[in-house]
Amino acid sequence: MLEIKDLKLSYGSAPILRGVNLSVKQGDVMSIIGPSGTGKTTLLKCINYLAKPQSGTIKLDGISMDYERADKSAIQAIRLRTAMVFQQFNVFKNMTVIQNVMDPLVVVQGKSKEEAREIAISELQRVGLASRQDHYPSQLSGGQLQRAGIARALAVRPDVMLFDEPTSSLDPELVSEVLKVIKDVTSSGITSLLVTHEMQFAKNVSNRIVFMDGGVVAADGSPSEIFDSPTNPRLTQFLSTEYSLQ
């Protein structure tokens, strides 16, 4: 469903992605783990062109694009098939929760406000926020804000969900409520890529784990292969450090 080949991106003279190759099947729940600064978030942003690689190719369910010659129609087609949940929620502070969820449906997809509202209510019920739909972001906890962000992403009916460290900005006591929603979403069969530092959650929710190090995919396998019997020395070192912190 999604294939990335030889993806390279540098900021100035600093290489971030050094030739990433990744293949994702429909229905995969893929967690991307690795040390900070190795390009995990940048990789997600390259998929929907929020970050602009210098080279590489992407194919998404029949849409092909060469990043060296990226064209607007392909970028738009890919963005319409993907939705991203950000670390910092990225909700509009001057809009209520339901307005935040409705906004991309009306502005991007051209749906009527009536249809958009119906979809938004359904997704807010799904993430347990129906009773907060008329609240403003300032009236919500961090966990509620992130669930609103997930509802907004789900509302556009994406083929691929991109989760960029969705719990990293939350207080520890709020993490579990967001992870529960993500687990419910990923278990529904939607293709998902999840950048996370929650190792146990990644192990439980994913059918594939990708370990990135130094701007490349250093290991790729099942949760059992990655967590229970790693063969990459760098991965072994990373896991011993991460588990000691949790």
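Reader: Which residues have the most contacts inside the largest nonpolar core?

Author: The largest nonpolar core of this predicted model has 39 residues. Strands S6 (82–85) and S7 (160–164) each supply at least two residues of this core, as do helices H3 (97–107), H4 (113–126), H5 (142–155), H6 (172–186) and H7 (199–205). A second, separate core has 33 residues, among them Ile-16, Leu-44, Met-84 and Phe-86. Within the largest core, the residues with the most contacts are Leu-124, Ile-150, Met-161, Phe-163 and Val-185.

Reader: Leaving aside its neighbours within four places in sequence, with which residues is Ile-150 in contact?

Author: Ile-150 is among the residues with the most contacts inside the largest core. When neighbours within four places in sequence are left aside, the contacts of Ile-150 are with Val-85, Val-127, Phe-163, Val-178, Val-181, Ile-182 and Val-185.

Reader: Which helix gives the most to the lining of the largest pocket?

Author: The largest pocket has a volume of about 560 Å³, and of the 20 residues that line this pocket the closest to its centre are Thr-82, Ala-83, Met-84, Phe-86 and Pro-104. The lining divides into 11 nonpolar, 6 polar and 3 charged residues. Helix H2 (72–81), S6, H3 and H5 each supply at least two lining residues, and the one that gives the most, with 4 residues, is H3.

Reader: Against which helices do the buried residues of H3 pack?

Author: The buried residues in H3 are Val-97, Ile-98, Asn-100, Val-101, Met-102, Pro-104 and Leu-105. These buried residues of H3 pack against H4 and H5.

Reader: Is Thr-41 buried or exposed?

Author: Thr-41 is found in helix H1 (residues 40–47), and, not counting residues up to four places away in sequence, Thr-41 touches Gln-87, Asp-164, Glu-165 and Val-195. Because the relative accessibility of Thr-41 is 18%, and the cut-off is under 20%, Thr-41 counts as buried.

Reader: Which backbone nitrogen does the side chain of Thr-38 reach at 2.7 Å?

Author: Thr-38 is found in the loop between strand S3 (29–33) and H1, and this residue is buried, with a relative accessible area of 4%. Leaving aside neighbours within four places in sequence, Thr-38 is in contact with Ile-16, Leu-17, Met-212, Asp-213, Gly-214 and Gly-215. The side chain of Thr-38 reaches the backbone nitrogen of Asp-213 at 3.4 Å, whereas the backbone nitrogen reached at 2.7 Å is that of Gly-214.

Conventions
Residues numbered from 1 in each chain as written. Predicted model: local features only at pLDDT ≥ 70, side-chain atom pairs only at ≥ 80, totals over all residues. Heavy atoms only, no water. Core = buried A, V, L, I, M, F, W, Y, C linked by side-chain atoms within 4.5 Å. Buried < 20%, exposed > 50% of the residue type's maximum accessible area, 1.4 Å probe, protein only. Contact = heavy atoms within 4.5 Å. 1 Å grid on protein atoms, 1.4 Å probe; cavity = no way out; pocket = protein on both sides within 12 Å on 5 of 7 lines; lining within 4 Å. Points joined across faces, edges and corners; volume = space filled by probe spheres on them. Nonpolar A, V, L, I, M, F, W, Y, C, P; charged D, E, K, R; others polar. Polar contact = N/O pair within 3.5 Å; in protein donor to acceptor, adjacent residues only side chain to side chain.
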